Amino acid sequence: MSAVPTEPAETPEPAWRQRAVERSTRAAKLRAEQRVQRFLDAAQELIAEKGTTDFTVQEVVERSRQSLRSFYQHFDGKHELLLALFEDALSRSAAEIQQKSAAGRDPLDKLRISINLLYEASRPREGQQSPLFTDFAIQLLDTHPDQVATAHLPLLGFFAALVEDAVEAGQAVAHKPRRTASLIMQTAMFTAQAPSAPVGSHPAPLTAEEVSAFCLGGITGDMGPDRDSATAPPPKKTVATKKASTKKAASATTAKKTASAAGPPMRG
């Protein structure tokens, strides 16, 4: 039998060639990231100056001192550019909330801190415009809700982990932690946009503490947002209930003693 292979063996690629290609790829990636960041910075500057997202792609290109061809190599258009800014802002917000909530003493306290921070971050600031959230995000929610959901994934993942930690610690009940986290986030963010509740004839300002107490009550109280009566714990006894139970027990004891003193019942 012949030891010669019927097909020529493949010659392995030299290590130097692999290193050269990888180095070239890294350099190209770095240049692309720098170009993208320049477009993002230019768009952010225009938003800050105009107080609106009403700018053109040409303005972004001129401000970034790059070419129109380069812009369309990285973005399909203005919508994708704004979406990138929106996702970037939410990602930074998630990282900041996660960092500050680490000071909490336990999972439930970390969740409370996170809700407070999300509420405060979502509140409109007097004299400060945030058109990326007040204009673009609202429009995006109506036209591309799937893109809004994707942009919120970093925040949702973080809040879901906090809910799961609270459940594992025995501090909360949530059969669907990720869905519960979504409800908590939406409550905090949308309430922050109209931070007043009608009480009588006057609106009463809501506080972050009230919102977080409401949200946490849903997963620590008798009935959470995704629980039913079959899984709810028995109601806690109030002071009045305890007094009534004590009084009833005392009356039963007195009646029993009276019956014993009177002797056995009469038989006809």
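The largest pocket is lined by 43 residues, of which L90, A121, S122, F133 and M189 lie nearest its centre. Here a pocket is an open set of points on a 1 Å grid over the protein atoms alone, where a 1.4 Å probe fits and protein lies on both sides within 12 Å along at least five of seven lines; lining residues have an atom within 4 Å of a point. This is a predicted model, in which local features need pLDDT of at least 70 and side-chain atom pairs count only at pLDDT 80 or more, while totals for chains, interfaces and linings use all residues. Residues are numbered from 1 along each chain as its sequence is written, and side-chain values use heavy atoms, with hydrogens and water left out.

- Elements that give two or more residues to the lining are α1 (15-50), α4 (78-101), α5 (107-122), α6 (131-143), α7 (145-151), α8 (153-168) and α9 (177-193).
- Helices here are DSSP runs of H or I with at least four residues, strands are runs of E with at least two, and both are numbered from the N terminus.
- Helix α4 supplies the largest share of the lining, eight residues.
- The space in this pocket comes to about 1300 Å³, where the volume is the space filled by probe spheres set on the points, and grid points are joined across faces, edges and corners.
- By residue class, the lining divides into 25 nonpolar, twelve polar and six charged.
- Ala, Val, Leu, Ile, Met, Phe, Trp, Tyr, Cys and Pro count as nonpolar, Asp, Glu, Lys and Arg as charged, and the others, Gly among them, as polar.

**The overall fold**

- The protein has eleven helices and two strands, and from the N terminus on they run α-α-α-α-α-α-α-α-α-β-β-α-α.
- Of the 268 residues in the protein, 29% are buried; buried means under 20% relative accessible area, exposed over 50%, and partly exposed in between, with a 1.4 Å probe and protein chains only.
- Among contacts with a separation of 6 or more, 63% join residues 24 or more positions apart; contact means heavy atoms within 4.5 Å.

- S93 is in helix α4 and counts as buried because its relative accessible area is 18%.
- Leaving aside neighbours within four places in sequence, A94 is in contact with P154 and L155.
- S101 lies in helix α4 too, and its relative accessible area of 2% makes it buried.
- Beyond four places in sequence, S101 has contacts with K110, I113, S114 and F158.
- L118 sits in helix α5 and is buried, with a relative accessible area of 3%.
- C-alpha to C-alpha, A94 and L118 are 8.8 Å apart in space and 24 residues apart in sequence.
- L118 and M189 are 71 residues apart along the chain, and their C-alpha atoms are separated by 6.8 Å.
- Not counting residues up to four places away, L118 touches I97, L155, F159, M185, A188 and M189.

**Helix α9**

- The 17 residues of α9 should span 24 Å at 1.5 Å a residue, and the end C-alpha atoms are 25 Å apart, which agrees; the expected span is 1.5 Å times one less than the number of residues.
- Buried in α9 are P177, T180, A181, I184, M185, A188, M189 and A192.
- Seen down the axis of α9, these buried residues fall within an arc of 155 degrees, so they line one face of the helix; the arc is that of the directions from the helix axis to the C-beta atoms.
- The cover over the buried residues of α9 includes α5, α8 and α10 (208-220).

- The buried residues of α1 are F39, L40, A42, A43, L46 and I47, and what covers them includes α2, α3, α4 and α6.
- Just after α1, G51 takes a positive phi of about 70 degrees.
- R65, in the loop between α2 (57-64) and α3 (68-74), has a positive phi of about 60 degrees although it is not a glycine.
- Most residues other than glycine have a negative phi.
- R65 is exposed, with a relative accessible area of 76%.
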